[in-house]
Amino acid sequence: MSCDAEYFSTSGTAPQLFASALNFLAATQCIVPNKTDPYDEIPDIDTFDFIIVGSGSAGSVVANRLSEIETWKVLLLEAGPEPPIESDIPSLGTTLFQSKYDWQYTTKSNGDKQQGWRNGALSWPRGKMLGGSSSMNSMVYMKGRDHDYQCWDNEQNSNWSKEKVDYYFKKAENFQDMKLNKNPVVYQTYGHSGPLVVNSLNSTYKEITENLKESWNHLGIKSVPDINAAKYRGYGLSGIARVTAQNGHRESTYRAYLKPMINRKNMKIITNAFVTKILIDDNTSPPQAYGVEVEIGGQTIKLYSNYEVILSTGTINTPQILMLSGIGPKEHLLSKNISCIVDLASVGKNLQDHLYVPIPIYGDKPGIEDTTEEMFSYAKYLYNKTGARDVNKIVDGIKMVTKLVNTPYFKTINAFIPKIDIPECNQYEFQSDLYWKCYSLQISGTIFHPVGTARMGFDPEDSVVDKFLKVHGIITSASEI
Ligand SMILES: Cc1cc2nc3c(=O)[nH]c(=O)nc-3n(C[C@H](O)[C@H](O)[C@H](O)COP(=O)(O)OP(=O)(O)OC[C@H]3O[C@@H](n4cnc5c(N)ncnc54)[C@H](O)[C@@H]3O)c2cc1C
């Protein structure tokens, strides 16, 4: 056996699961000294060409691509540590929720909606580690609809057309499902030599999956070999999702983009580095970003950039850091005693998310009830991707979903929708439109896809960044490159 095995950090779950396996490994494996953190040293006032803040889905890719240019000195700052081994194991991503690898955000109860949840508050996990949320997410790989990208392009964001976006998707992808690759349409849908491996997971529950797909077929929601390859034309589609996974382990952007280039001489990665502010010179007109203020190891230091500071800190933290740096709605900043450098009303606005309304279906198949619910959740997830935005549409969706119990397979297991005791909704007739409206307002949750708080657009009145993703009203020295 080779001695170059790695030591991993852990949140505690995997060791319990694999205790017996570890006993075996301890007996057979070489003893490797504790890995030193390669990402921990930096002097105050150091200067880089590019400083990237946040190493998540976006930041990791940018760090990798920029540091391909050997003459550019690139710094990546990440508030969290390296991901633990639980991140590697697909089904253990959720065990990282509420751990030090999660920002542990929750929504605040408004005393009215979402009262079906404990304390009326929803948990909003966000990855805090190299790879960011891609190190703990559900790994489902959906490329979105051509139409949505084309809308961006049509709204004066040229170069964001479906063709251009598709080019970059394919540049990223390495599609490895050998069976599906024999299907020419699926083959052409994906790239085959990019860094990000996309594949299919083995399913232990093939029978229930097939039964479920067949049931959707009965409702007119056709099963397709690959949802990304099928063109969505207004009717529903079902299918088994592709995932970002390689050889059964998670393919986070950390694994796909950071690990392969960790030894590049022009690239420095600092973990446990919490950026508190972008440094902006407001004596220039327009004001110019020139560095960051960051807390590392209990000390606050300043780091400078020759060209650009790239903020890729996710949907919640990006507007927060912009505001702390003086970019945002003026009145709000002043109310928090922050001087306003650029009055940009849209910072933090336009938040959008994928709603999730769990509808349990009970049946008589011993031993697999949980699985039935789980598979069902996924089916509903895909449905929501079609853009149900208001409560009436959600009610239509729920009613369509409840028809599943009348399809042949669900009839064989005597399936039914149980009535959940939600005091706020008990006044309405069970399964009436008013009941489902109340139900969805009280019990809906998130499937963790918040986006939009730094909207791209032409007009600074309703957007934060332009089509080059540069913050309106701020310049950098990048034009000197
Ligand atoms: C539980 C869960 C399940 C999901 N499932 C799926 C799925 O199946 N399919 C899918 O396509 N999407 C899924 N998503 C969504 C997807 O993971 C995110 O949309 C995506 O990862 C966001 O990328 P990002 O780069 O914008 O932010 P993130 O990946 O969240 O990265 C932001 C990074 O910035 C760092 N950071 C933040 N603030 C600071 C600071 N002040 N200083 C330094 N660093 C900072 C964070 O620690 C983090 O590493 C899921 C998300 C979650 C949480």
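Predicted model: local features only at pLDDT ≥ 70, side-chain atom pairs only at ≥ 80, totals over all residues.
The protein contains 15 helices and 18 strands. Of its 481 residues, 31% count as buried. Among contacts with a separation of 6 or more, 64% are between residues 24 or more positions apart.

An open sheet of 6 strands is present, with mixed pairing and the order β11-β2-β1-β14-β13-β12. Strands β11 (267-270) and β12 (273-281) each have a single partner strand and stand at the edges, so one side of each is left without a neighbour in the sheet. From one strand to the next, the twist averages 40 degrees. Helix α10 (residues 314-324) packs on the sheet, where it touches β12 and β14 (299-311). The direction of α10 makes about 45 degrees with that of β12.

Within the sheet, strand β1 (residues 47-53) runs parallel to strand β2 (residues 74-77), and 4 bridges join the two. F50 has V74 of β2 as its bridge partner, and I52 has L76 of β2. In a regular strand the side chains alternate between the two faces of the sheet. In β2, V74 and L76 point one way, whereas L75 and L77 point the other way. All of these β2 residues are buried.

Strand β1 also pairs with β14, in the parallel sense and over 6 bridges. One of the positions involved is F48, whose bridge partner in β14 is S305. The pairing between β14 and strand β13 (residues 288-296) is antiparallel and likewise comprises 6 bridges. I296 stands opposite Q299 in β14. Strands β13 and β14 form a hairpin with 2 residues between the strands, and in this hairpin G297 takes a positive phi near 55 degrees.

The shell around the ligand consists of 33 residues, of which G54, G56, G132, N137 and S138 come nearest. The elements that give two or more residues to this shell are α3 (57-66), β12 and α10. Both β12 and α10 were described above, as α10 touches β12 where the helix packs on the sheet. By class, the shell has 17 polar, 13 nonpolar and 3 charged residues.

According to the UniProt record, an unreviewed entry, the annotation "domain: Glucose-methanol-choline oxidoreductase N-terminal" covers residues 127-150 and 314-328. The two spans were examined separately. Residues 127-150 are 21% helix and 0% strand, and the end C-alpha atoms of this span lie 30 Å apart. For residues 314-328 the values are 73% helix and 13% strand, with the end C-alpha atoms 16 Å apart.

M142 is located in the loop between β4 (123-124) and α5 (146-154). This residue counts as exposed because it has 12 C-beta neighbours inside 10 Å, and a residue is classed as exposed at 12 or fewer. The C-alpha atom of M142 is separated by 6.3 Å from that of N228, although the two residues are 86 residues apart along the chain.

How values were computed:
Residues numbered from 1 in each chain as written. Pairing = 2+ DSSP bridges. Axes fitted to C-alpha atoms, helices over the stretch in contact; angles between N-to-C directions. Contact = placed C-beta atoms within 7 Å. Near = placed C-beta within 6 Å. Nonpolar A, V, L, I, M, F, W, Y, C, P; charged D, E, K, R; others polar. Buried ≥ 20, exposed ≤ 12 C-beta atoms within 10 Å, placed from the backbone. UniProt positions renumbered as here; feature names shortened; annotations may be inferred.
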